[in-house]
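Hi,

Here is the structure we talked about. Please open it first, then read my notes below.

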Amino acid sequence: MKLMIVVGASTAYLLGSLITWRLLALTGIIPCIAILLGLFFIPESPRWLAKIGKQKEFEAALRKLRGKDADVSREEAEIQAYIEVLQSLPKSQMLDLVDRRYIRAVTIGVGLMIFQQFGGINAFGFYASDIFTEAGISGKAGTIAYAIIQVPITLVGAILMDKSGRRPLLMGQSLLIGWDPILAVAGVLIFVVSFSIGMGAIPWVIMSEIFPMQVKGIAGSLVTLVNWLGAWAVSYTFNFLMSWSSSGTFFLYAAFSALTVLFVAKVVPETKGKTLEEIQASINT
C-alpha cells in the first residue's frame, strides 16, 4: 500500500514540474474516474458478506477473487471461523482503549503516528520546492530528485522490513533524519530515503499487528485519526515556524526524530515473525 501511495505522489511531483498547477489539479480527475469505473468490476468484500450471512454471495465473491479453479474451501472455513469469534466478542468502545490490557498497545500505535508526522514529512512533501529554493538550488530540480528517489527506496524498505525487523529500521532511519539540519539540500534527500525505509510504512504495519481482535477496529480508527491530525498540524504550522526560524524549524523536526529512537528502543516491541499472542506477551511484560 505504501509503495503505491509513493508511486502516486512521485507521479504528481513529476507532473507538477512539467505543467501548471491548474492542469495538475485537473489531472487528479483521471484516477478518480478510473476508480469509479473500476468499482463496477470489483466484487463485494467476502468477509463482509460472510458477516451479514449472505453465504452464496460470499462464496461467489471469494471465488471471483481467487479464480474459478482455485480451491477456496480452506479460506472459506478460516473466514467463517474468524467471523464467529469476532461476533462472540463484546462490542468494543473508545473507553475500552484505556483498559490496562490495551493501553500500552494504544500508546505504541499512537506514539508511532505522532513521531511519524512530527518528524516533518508533510512539511518536506508539501513545501519541497520552497525548501530547495531557499537552500539555493532549483526548486524544480530538487522536486524531481525528491520524486525519483522515493519509489526505489520505498521498495528497498519493504524488502528490508521482513529481513532485518521493524525496530532496527525505525531507529536507524530516525538517527539519519536527525542530521538533516546540518546537511541542508542533501539532508532533504536523506530524509526522504530514511523515511521511506522506516517511519513511512512500518508504523502502519505495527498498527495492524499489535491490537487484539476485539479492539482492532476502534484502535485502528484512533491511530489513523491521530496520524491525520498530526499531518494537518505539521502542514499548517510549517510556514509559521519558517517565519520564526528556518534552521530552528528543522532542528525541531530533528529533535522529534531523536525522540523517536528513544521511544522505539524503550516502548516498541519487535513484531517480525511473531504471532499476536507472542506480541501481546512482549507488550504486557
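The largest pocket has 35 lining residues. Nearest its centre are A9, Y13, I121, N122 and F126. Please keep in mind that this is a predicted model.

The space in the largest pocket comes to about 810 Å³. By class, its lining has 17 nonpolar residues, 15 polar ones and 3 charged ones.

Which helix gives the largest share of that lining? Helix 1 does, with 7 residues. Helix 1 covers residues 2-16. At least two lining residues also come from each of these helices:
- helix 7 (103-118) and helix 8 (121-126)
- helix 9 (128-134) and helix 10 (139-164)
- helix 12 (180-197) and helix 14 (216-244)

Now the surface. There is a nonpolar patch, with about 1,200 Å² of accessible area together. Its members are L23, L26, I29, I33, I35, L36, L37, L39, F40, F41 and I42. Helix 2 (21-27) and helix 3 (29-38) each supply at least two residues of the patch. The largest share, 5 residues, is from helix 3.

You will find L39 in the loop between helix 3 and helix 4 (46-51). Is L39 buried or exposed? L39 counts as exposed, because its relative accessibility is 51% and the cut-off for exposed is over 50%.

Best wishes

Note on methods. Residues numbered from 1 in each chain as written. Predicted model: local features only at pLDDT ≥ 70, side-chain atom pairs only at ≥ 80, totals over all residues. Heavy atoms only, no water. 1 Å grid on protein atoms, 1.4 Å probe; cavity = no way out; pocket = protein on both sides within 12 Å on 5 of 7 lines; lining within 4 Å. Points joined across faces, edges and corners; volume = space filled by probe spheres on them. Helix = DSSP H or I, 4+ residues; strand = E, 2+ residues; numbered from the N terminus. Nonpolar A, V, L, I, M, F, W, Y, C, P; charged D, E, K, R; others polar. Patch = residues over 30% accessible without salt bridge, like charges linked within 9 Å, V, L, I, M, F, W, Y side chains within 5 Å. Areas by Shrake-Rupley, 256 points an atom, 1.4 Å probe, with all protein chains shown as cover. Salt bridge = Lys/Arg side-chain N within 4 Å of Asp/Glu carboxyl O. Buried < 20%, exposed > 50% of the residue type's maximum accessible area, 1.4 Å probe, protein only.
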